Amino acid sequence: MSLAINYYVQPGDWVIVEAPTYYGAISILENIGAKIIGIPMTAEGMNLDLLEQYLHSHRPKLIYTISTFHNPTGLTTTQAHRQQLLALAEKYECPILEDNAYEGINFEAVPAPIKALDKNNLVTYLSTFSKTLMPGLRVGYMVVTGKHYQAIIERKLLHDLHTSSISQTIVSEYLASGHYRRHLSRLRTDNLQSRNTMLQALERYFPEEIRWTVPTGGLFLWVQLPDDFPIGTIRKEAFAQNVYLACGSAFFPDKQGYPAMRLTFCLPSEEIEQGISIVGKLLKKYVSRGCVVAQRSLSTGSQRSVSAALTIAQH
């Protein structure tokens, strides 16, 4: 990701990201000195009407998107949304960086990546084995075509001389053996069970005013909190009880966003149940003090009922 972003973006360039988005990408862009435009997320994905306005007015150098199992919301964009996004990028000649680190951890079929639709070499696709095989290997990969290919190859050589041959050989042998497919199948089954456990716990312990997304894969779901909600205080109180919360502000450019938190469901069921119970008690305490949940566009894609998610699981 750092390699690709540093290739496309120079200090002072405008860059489009989803709001919220992965804080690692925000950190890289901030370190370069890029000017970040956060386009609000809806239930379908990035607001494309706003995107076109900024493409026309600011002529950004890059669109960064997580199309499948978005981090942090867990949402997956539709095929139509991907086609429209690509069409806008082509119209304004703006490259797309598609970050799909979680695509392999799906509970149902997902649309083809934007890169698969790309006929004009505008899309660079990123993924990794760190989320699906072993975090410690730190082996990722990039799909880049057209005029950017050779330039990025050369930049890669200058960037780190060479990725660990041992790590790459381990991954290569594991893929060739066929074990990776079986591993992914087990991982999907385990994560689906954990997701359902978390959804049931949210339904049981969280206040009725709270809303959350129901992802069909990946590792995360997104919880929207009441306005004026003291998330910093809640984080400290939860941490004192051995529960770590990822505060929503970290996922917005300049940390300017609405109150929210990202929850990770790739944990044992007992830990999920205990953690959600603790957080739920804290949330109820502050909701009872009169905080009001704002109606936001992303909420249209959120569900409170767990039944729909369990129906998906049964299929």
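Here is a short chat about a few residues in this predicted model.

Colleague: Let's start with T132. Is T132 buried or exposed?

Modeller: T132 sits in the loop between β6 (123-128) and β7 (140-143). Its relative accessible area is 5%, and anything under 20% counts as buried. So T132 is buried.

Colleague: Which side chain does the side chain of T132 make a polar contact with?

Modeller: Leaving out residues up to four places away in sequence, T132 touches I105, Y180, H183, L184 and L187. For a polar contact, we need a pair of N or O atoms within 3.5 Å. The side chain of T132 has such a contact, at 2.7 Å, with the side chain of Y180.

Colleague: What about M134, how does its accessibility class come out?

Modeller: M134 also has its place in the loop between β6 and β7. Its relative accessibility is 45%, and the class between buried (under 20%) and exposed (over 50%) is partly exposed. So M134 counts as partly exposed.

Colleague: And what separates the C-alpha atoms of M134 and V171?

Modeller: Along the chain, M134 and V171 are 37 residues apart.

Colleague: Moving on to I153, which nonpolar surface patch is it part of, and what is the patch's area?

Modeller: I153 is found in helix α6 (residues 148-160). It is partly exposed, with a relative accessible area of 36%, and patch residues need over 30%. Together with Y149 and L157, I153 makes a nonpolar surface patch of about 280 Å².

Conventions: Residues numbered from 1 in each chain as written. Predicted model: local features only at pLDDT ≥ 70, side-chain atom pairs only at ≥ 80, totals over all residues. Heavy atoms only, no water. Helix = DSSP H or I, 4+ residues; strand = E, 2+ residues; numbered from the N terminus. Buried < 20%, exposed > 50% of the residue type's maximum accessible area, 1.4 Å probe, protein only. Polar contact = N/O pair within 3.5 Å; in protein donor to acceptor, adjacent residues only side chain to side chain. Contact = heavy atoms within 4.5 Å. Patch = residues over 30% accessible without salt bridge, like charges linked within 9 Å, V, L, I, M, F, W, Y side chains within 5 Å. Areas by Shrake-Rupley, 256 points an atom, 1.4 Å probe, with all protein chains shown as cover. Salt bridge = Lys/Arg side-chain N within 4 Å of Asp/Glu carboxyl O.
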